[in-house]
Amino acid sequence: MTDKISRETIRNEAMDPDFVDRIVEAGADRLRTCIQCGTCSSVCPSGRRTAFRTRELMRKALLGLKDEVLSSPDLWLCATCLTCLERCPRQIKVTDAIIIMRNMAVEEGYMLPEHRKSSKKLLETGHAVPINAANLEKRKKLGLKEIPPTTHSSKKALADVQKIMERTGFKKLILEDKEEK
Amino acid sequence: MTESKTYSFFLGCVMPNRFPNVEASIRLVLPKLGIELEDLEGASCCPAPGVIRSFSEPTWLALASRNLALAEMAGHDLLTGCNGCYGTFKETLSVIREHPERLKEVQKVFKGMGLKFKGTVEAKHLIELINDINPEEIKTLLTKSLEGIKVGVHYGCHLLKPSKNRPWKQTQRHTFLDELVELTGATSTKYKDKFLCCGAGGGVRGSQVAVSVDIAKEKLDNMIEVGVDCIVNVCSFCHLQYEVSQVQLNKELDEKKYQIPVIYYTQLLGLAMGLDPSELGLGDHMIDTKPLLDKIQGL
């Protein structure tokens, strides 16, 4: 059948009913009680200046539009300010739901290059933002220990931290030669 | 101060590695309030609640638990001066206490490392401890009134939310930090959208820098509109956001509109205690603090 109506069809094949189950099981309980009121979108600082709509993301999650949600760069526009979670009249842990979906996205290989870079720094140094020459100098001038008393000054501590990241699968996740999607 | 108590001082990443001047002010001011700091040797990134937690939640939980375990083994509560780290530790403790199987999972990851962790340790933000001190006691330490200084107070998100897992009064309009600022004689100036996020968290600063800076710009514009002399914050990442974003905005817009000194709370309190600005790290800011210091000197 053809007609002149322009369409934006949600295809049946695109809906994965297990998607929302996984999000709920991982901790975003009450997600199914969403009434699409839009409070989350209305308080979102990123939504004020971009096309990011939290409400739409929640609806897509409920519909099971897994691939669309996980591949969308919008998923990374949430600053995790938690205002939507505070204001949700259904007490849905909106921010938790977003973080759970981000974990799934990374698992599927959708990781932003900048985020992979910080993760690599964490793997190498124990810090996502490691020390640099300028700040070593600043520390010295301020009378602080030149090298901070963190993994930066303990090989054993760094080895432990790296071991933990190996055991949790983080090392593999970050260094795996997955083609950037 | 009545009696002193020792805490394991957790530094995180941004404070020791980008803003050691903030660290210096904390190490100088807190002992005067009876808060003794012991270094948490070998601590790592918290790790960041919106970034690493977004990539691999089990890794976030395990590394956060390791940092908490180091404090637990030292026999002190953990103390942080960063809202992001605070969020990570508060949420980690809540996860392992509500879900004992998650604690077991973490203990398994720790095998052979000599890390004992039961989750009995508490995580505190330094502003929480300062807020618990009788304000009259703090006032006895102040020698220089900052009356006439207009402050734009920025709380930050993870200090206050999720409210169910925070120690503050249940309200969306907090006043405790404004009151702590006003102890010094300065005025906390009302400005539009004071409780809006700084825009740095959630990996937005790292990957969507234009959006991130635009959020900061909105807050900065609102503060400029009411003519603040400085921003006062209690988070090393919000601190970074306001310092770096102002430099970026001036460069991008080819103007010098964004010149608000960004002051960490212990720096402000230290000034009111009559401490040397350079010892408080006020000579090491990206946005020059001289106009503020001159104004204070002239008071």
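The legends below describe several views of a predicted model with chains A and B.

**View 1. Chain A is built of helices.** Chain A has ten helices and zero strands, and its elements, followed from the N terminus, run α-α-α-α-α-α-α-α-α-α. The radius of gyration of chain A is 21 Å, well over the 16 Å that the globule rule gives for 181 residues, so chain A is more spread out than a compact globule. The C-alpha trace of this chain spans about 75 × 35 × 30 Å along its principal axes. Of the 181 residues in chain A, 41% count as buried. Among the contacts of chain A with a separation of 6 or more, 65% are made by residues 24 or more positions apart.

View 2. Chain B contains 15 helices and eight strands. A compact globule of 299 residues would have a radius of gyration near 19 Å, and the 19 Å of chain B agrees with that value. Taken along the principal axes, the C-alpha atoms of chain B fill a box of roughly 60 × 45 × 35 Å. Buried residues make up 55% of the 299 residues of this chain. For chain B, residues 24 or more positions apart account for 81% of the contacts with a separation of 6 or more.

**View 3. The contact between chains A and B.** In this region 49 residues of chain A are in contact with 53 residues of chain B. On the side of chain A that touches chain B, the elements giving two or more residues are α5 (83-87), α6 (94-107), α7 (113-125), α8 (133-141), α9 (155-167) and α10 (170-175) of chain A. The most is given by α9(A), with six residues. Sorted by class, this side of chain A has 27 nonpolar, 14 polar and eight charged residues.

**View 4. The largest nonpolar core and the surroundings of A:Ala97.** The largest nonpolar core has 141 residues, and those with the most contacts inside it are A:Ala61 and A:Ala97. Helix α4 (residues 57-74) of chain B provides the largest share of this core, nine residues. In soluble globular proteins, nonpolar side chains tend to be buried together. When neighbours within four places in sequence are left aside, A:Ala97 is in contact with A:Ile23, A:Ala28, A:Leu31, A:Met58 and A:Ala61.

View 5. Four strands of chain B form an open sheet in the order β2-β1-β3-β4, and their pairing is parallel. The edge strands, each of which pairs on one side only, are β2 (35-39) and β4 (123-125) of chain B. From one strand to the next, the twist averages 45 degrees. Within the sheet, strand β1 (residues 5-10) of chain B and strand β3 (residues 78-80) of chain B run parallel and are joined by three bridges, with B:Ser8 standing opposite B:Leu78 in β3(B). Helix α4(B) packs on the sheet, where it touches β1, β2, β3 and β4 of chain B, and its direction makes about 155 degrees with that of β1(B). Helix α5 (residues 83-98) of chain B lies across β1, β3 and β4 of chain B and runs at about 150 degrees to β4(B).

**View 6. Strand β5 of chain B and its pairing with β6(B) and β7(B).** Strand β5 (residues 150-153) of chain B pairs with strand β6 (residues 187-188) of chain B in the parallel sense, over two bridges. In this pairing B:Lys150 stands opposite B:Thr187 in β6(B). Strand β5(B) also runs parallel to strand β7 (residues 230-233) of chain B, to which three bridges join it. Here B:Val151 stands opposite B:Cys230 in β7(B).

**View 7. The setting of B:Asp221.** Residue B:Asp221 lies in helix α12 (residues 209-225) of chain B. B:Asp221 has 15 C-beta neighbours inside 10 Å and therefore counts as partly exposed, since a residue is buried if it has 20 or more such neighbours and exposed if it has 12 or fewer. From C-alpha to C-alpha, B:Asp221 and B:Lys257 are 9.3 Å apart in space, while in sequence they are 36 residues apart.

How values were computed: Residues are numbered from 1 along each chain as its sequence is written. Chains are lettered from A and ligands numbered from 1 in the order in which they are written. This is a predicted model: local features need pLDDT of at least 70, side-chain atom pairs count only at pLDDT 80 or more; totals for chains, interfaces and linings use all residues. Two strands pair if DSSP finds at least two bridges between them. Two residues are in contact if their C-beta atoms, placed from the backbone, lie within 7 Å. Ala, Val, Leu, Ile, Met, Phe, Trp, Tyr, Cys and Pro count as nonpolar, Asp, Glu, Lys and Arg as charged, and the others, Gly among them, as polar. A nonpolar core is a set of buried Ala, Val, Leu, Ile, Met, Phe, Trp, Tyr and Cys residues joined through C-beta atoms within 7 Å. The radius of gyration is taken over C-alpha atoms; the globule rule is 2.2 Å times the number of residues to the power 0.38. Axes are lines fitted to C-alpha atoms, for helices over the stretch in contact, and angles run from 0 to 180 degrees between N-to-C directions.
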